[in-house]
Structures are given as structure tokens and as C-alpha cells.
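Biologist: I'd like a close look at one part of this model, please. Could you walk me through how a pair of helices sits together, and then what goes on in the loops?

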Amino acid sequence: MTRYEKVNYIGRESGNGLKRYEKDLLTLRLCDSFFPVSFIEEKNGTKGIFDCSGYERICRIEELQCMDFLSMISSMVSNMIATEKHCIFGECLDLRVENCYVNLKNWDTKFLYIRDSNRIPFREKVLRIMKFLETKVEEKEVFDKAIRIVEENESNRIIVGHLESLKREFNETKF
């Protein structure tokens, strides 16, 4: 498991640099969707050192039980809802399998705070992550239903609700 990750933020309050409120949000740990971070000011910008203890990069997952997959994706979308309360929106974050992490015990997800200037909608980022995991999920039918839920719904809250319903439905059919 990865313990610490370093992210370089270039410049001060411009380009890839961090704004004051972003540093405050992260250092005061106001949003649990992001890892705890310490900042080091350097000549050319700021370095963030994130404590990723207990979490693994999503790209390193070998195989997934269906319930774990649904829990992980639901956690990811729920965490994005939490970031929006702090005016950090999914299209502004670089969310890829290399910088999204999961706790393999409870399937909670967390993000590194890395900006994305491409403004790709959050749903598209989640779909990319899900499609990366496609070959690792054992239940193809449930996986396809989860993909449709994310594709067909605009609201993150509705997506979480439908994913949780799918988890209950899947759990009931297993017994």
C-alpha cells in the first residue's frame, strides 16, 4: 500500500498553483473526500504531501467482488457530493485510476487534490474508472446495470441512490 504521495503545485495562485481557500480546505481537513495533506512552500510553487495510509490506488486492484465494486463507485460519487459542498466540483478535479484510492477493507474512496483544466464532466471520469475495472468485476450483468445508472442520470445523488438499490437487489438475489 502507498503511504505518501507528493504533488507539485506550480506557481502561486495561478495555473496549477493553489488558492488560499484550497490550502485551507485541505490542511484543516474540512472535507473527508481528500487525504490529509501537508504543504511545503518552495521557490517555484508548493509541494503537497498526502498521507494515503490504508488506501490503495484503484489502478492496482486485481479483482473485485460485485458488492465491493458497487460500494466503491457509490463511495466515489458520495465523496464528490461532499466536495461540492465546498465548491470543489468533479469537472475541476483530475480523477483517474492512478490518483483515486480505495480502502480495501471498507471500499471507501479518497482523492488526491489535483486540478483538471480539461473540464471533463465528473460522470465521464467515473465511467472511465468503471470501464477500467470492467475485466476485474465478476458479475457482468450487474456491472452493465451500474454503467447504465451512471450514464443515464445527471444527479450524483440519484446515481448514489440507484447504486445503493442495485447493491440491495444484488445482495437479495445472492441469498
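Modeller: Let's start with a word we'll need: a residue counts as exposed when its relative accessible area is over 50%. Keep in mind that this is a predicted model.

Now to the helix pair. Helix α3 covers residues 122–133 and helix α4 covers residues 140–152; their axes come within 9 Å and cross at roughly 170°. Angles over 145 degrees count as roughly antiparallel, so that makes α3 roughly antiparallel to α4. As for the handedness, the α3 and α4 crossing is left-handed.

Who does the touching? On the α3 side you'll find Arg 123, Val 126, Leu 127, Met 130 and Lys 131, and on the α4 side Phe 143, Ala 146, Ile 147, Val 150, Glu 151 and Glu 152. Sort the residues of this contact by type and you get seven nonpolar, four charged and no polar.

Next, back up to the loop between β6 (109–111) and α3, where Arg 119 lies. Arg 119 isn't a glycine, yet its phi is positive, at about 55°. Its relative accessibility is 52%, so Arg 119 counts as exposed.

There's another arginine to look at, in the loop between α1 (20–27) and β2 (37–42): that's the place of Arg 29. Here phi is near 55°, again a positive value in a residue other than glycine. Arg 29 has 53% relative accessibility and therefore counts as exposed.

Conventions
Residues are numbered from 1 along each chain as its sequence is written. This is a predicted model: local features need pLDDT of at least 70, side-chain atom pairs count only at pLDDT 80 or more; totals for chains, interfaces and linings use all residues. Side-chain values use heavy atoms; hydrogens and water are left out. Axes are lines fitted to C-alpha atoms, for helices over the stretch in contact, and angles run from 0 to 180 degrees between N-to-C directions. Helices (H or I, at least four residues) and strands (E, at least two) are DSSP runs, numbered from the N terminus. Angles under 35 degrees count as roughly parallel, over 145 as roughly antiparallel, 65 to 115 as roughly perpendicular and the rest as oblique. A crossing is left-handed if the near helix is turned anticlockwise from the far one by less than a right angle, and right-handed if clockwise. Contact means heavy atoms within 4.5 Å. Ala, Val, Leu, Ile, Met, Phe, Trp, Tyr, Cys and Pro count as nonpolar, Asp, Glu, Lys and Arg as charged, and the others, Gly among them, as polar. Buried means under 20% relative accessible area, exposed over 50%, partly exposed in between (1.4 Å probe, protein chains only).
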